[in-house]
Amino acid sequence: MIPYGRQHIDDDDIAAVVQVMKGDWLTQGPHIAEFEDSIRGLTGARHAVAFSSGTAALHGAMHAARIGPGNLVATSPLSFAASANAALYVGADVTFVDIDPSTLNLDPTAVPDHADALVAVHYAGLPVDLGALQRRPRVVIEDAAHALGAHTPSGPVGNCSDSDMCCFSFHPVKAVTTGEGGMVTTNSEKFAERLVAFRHHGIRRTPDVAPWSYDIAELGYNYRLTDIQAALGTSQLTKLDRFVERRNEIAARYREMLHDLTAVTLPPAAPDGTRHAYHLFPLRVPGRAEVHAHLVERGVATQVHYIPTYRLTAYAERGFTAAGHPATEDAYEHLLSIPMYPDLTTGEQSLVVEAIREALR
Ligand SMILES: *Cc1c(COP(=O)(O)O)cnc(C)c1O
């Protein structure tokens, strides 16, 4: 079965992990800082704080920005549930902003004026145009789980030029992997300090009291990444540029091979000056269920990104509905993500396209 996404692991990635296993520190050692330095170098952000997952990173960002009960967090309903869940974890309210069908990102001109925070999801790896916000909420957090390696005219995603914090995920289907893992970048010293405490129980050292002394004023969690994972991440990051180049090549070839299929809508391309990260290649197809089934028969796995978050039971029970989200509903009915990952061969890609053509005949 050709999967819709998968990791690429080389021998040097494995060697990096083995080396940590033979050393003194499996966790809370020097590889975390090294991995954070790599992300800082790559994005240009002043601070980077590693987390045990992208979801933990989003939770940390909410906490660092002091979002909580009484605050309203706007986000895209066409995302993984974690984007909205993070707001609920801290007791805030959520409002979903309908997507702009020309980008599949939330429409930045439709973020309500009374939102305290925005979680801007760079869907499929195409950055949200944060410059188009009518009014900037108190806190802007980027959910860049899809967008490591993407660039905007103001530089790499993660430099936080138009946001307070930017969150990445290192799940195996994402641009680079640590198995599970996440990162928050920020230019704020204050946010970085709160993020570091939050991932380690809220502990702050108080060496003025005694050498062993510490205190917990605000509860945190154990959201630490291990050194084993961090070493894998540092090794993987050396290949990020190659991975994203390859994803862009695959996207260009899909566009060329599918452009005459009028029934299929290709995913939005990046505007000039923007580099797409192509985490996903989501088509819009008629008769999605039939296309999906035919592709499975031909050995091609596809996925739907995403069931709109307001449709999930935990959200429906909180009173969320499809009302007010016609563009998201319309996209959701037709979306199908086809295989997209660096190791997808040209032969496999041709097979995927042939199977789509058959399904639509
Ligand atoms: C993957 C993903 C996350 C969560 O990342 P994990 O590392 O799996 O916790 C959050 N938001 C989006 C949009 C994602 O795709």
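Q: Hi! Where does Tyr 306 sit?
A: In this predicted model, Tyr 306 is in the loop between helix H8 (288-297) and helix H9 (313-316).

Q: What kind of peptide bond joins His 305 and Tyr 306, cis or trans?
A: That bond is cis, with omega at about 5 degrees. As a bit of background, most peptide bonds are trans.

Q: And how far is a polar side-chain atom of Tyr 306 from an oxygen atom of the ligand?
A: The distance is 3.4 Å.

Q: How much of the ligand does the protein bury?
A: The protein buries 93% of the 380 Å² that the ligand exposes when taken alone.

Q: Which residues come nearest to the ligand?
A: There are 16 residues around the ligand, and the nearest are Gly 54, Thr 55, Asp 143, Ser 169 and Lys 174.

Q: Let's take Gly 54. Which part of Gly 54 lies 2.8 Å from an oxygen atom of the ligand, backbone or side chain?
A: For Gly 54 it is a backbone N or O atom. Lys 174 uses its side chain instead, where an N or O atom is 3.0 Å from an oxygen atom of the ligand.

Q: Which elements give two or more residues to that shell?
A: Those are helix H3 (54-64) and helix H4 (82-89). H3 provides the largest share, with three residues.

Q: How many residues of the shell are nonpolar, polar or charged?
A: The shell has six nonpolar residues, eight polar ones and two charged ones.

Q: Changing topic: what is the phi of Leu 104?
A: Leu 104 has a positive phi of about 65 degrees, although it is not a glycine. For context, most residues other than glycine have a negative phi.

Q: Where is Leu 104, and is it buried or exposed?
A: You'll find Leu 104 in the loop between strand S3 (93-96) and strand S4 (117-121). It counts as buried because its relative accessibility is 2%, and the cut-off for buried is under 20%.

Q: What about Ala 124, what phi does that one have?
A: Ala 124 is not a glycine either, and its phi is positive at about 70 degrees. This residue lies in the loop between S4 and strand S5 (139-143). With a relative accessibility of 4%, Ala 124 is buried too.

Q: Last topic, the surface: which residues make the nonpolar patch?
A: Ile 9, Ile 14 and Val 18 make a nonpolar surface patch of about 230 Å². Val 18 belongs to helix H1 (residues 11-21).

Notes
Residues numbered from 1 in each chain as written. Predicted model: local features only at pLDDT ≥ 70, side-chain atom pairs only at ≥ 80, totals over all residues. Heavy atoms only, no water. Near = heavy atom within 4 Å. Polar contact = N/O pair within 3.5 Å; in protein donor to acceptor, adjacent residues only side chain to side chain. Areas by Shrake-Rupley, 256 points an atom, 1.4 Å probe, with all protein chains shown as cover. Helix = DSSP H or I, 4+ residues; strand = E, 2+ residues; numbered from the N terminus. Nonpolar A, V, L, I, M, F, W, Y, C, P; charged D, E, K, R; others polar. Patch = residues over 30% accessible without salt bridge, like charges linked within 9 Å, V, L, I, M, F, W, Y side chains within 5 Å. Salt bridge = Lys/Arg side-chain N within 4 Å of Asp/Glu carboxyl O. Buried < 20%, exposed > 50% of the residue type's maximum accessible area, 1.4 Å probe, protein only.
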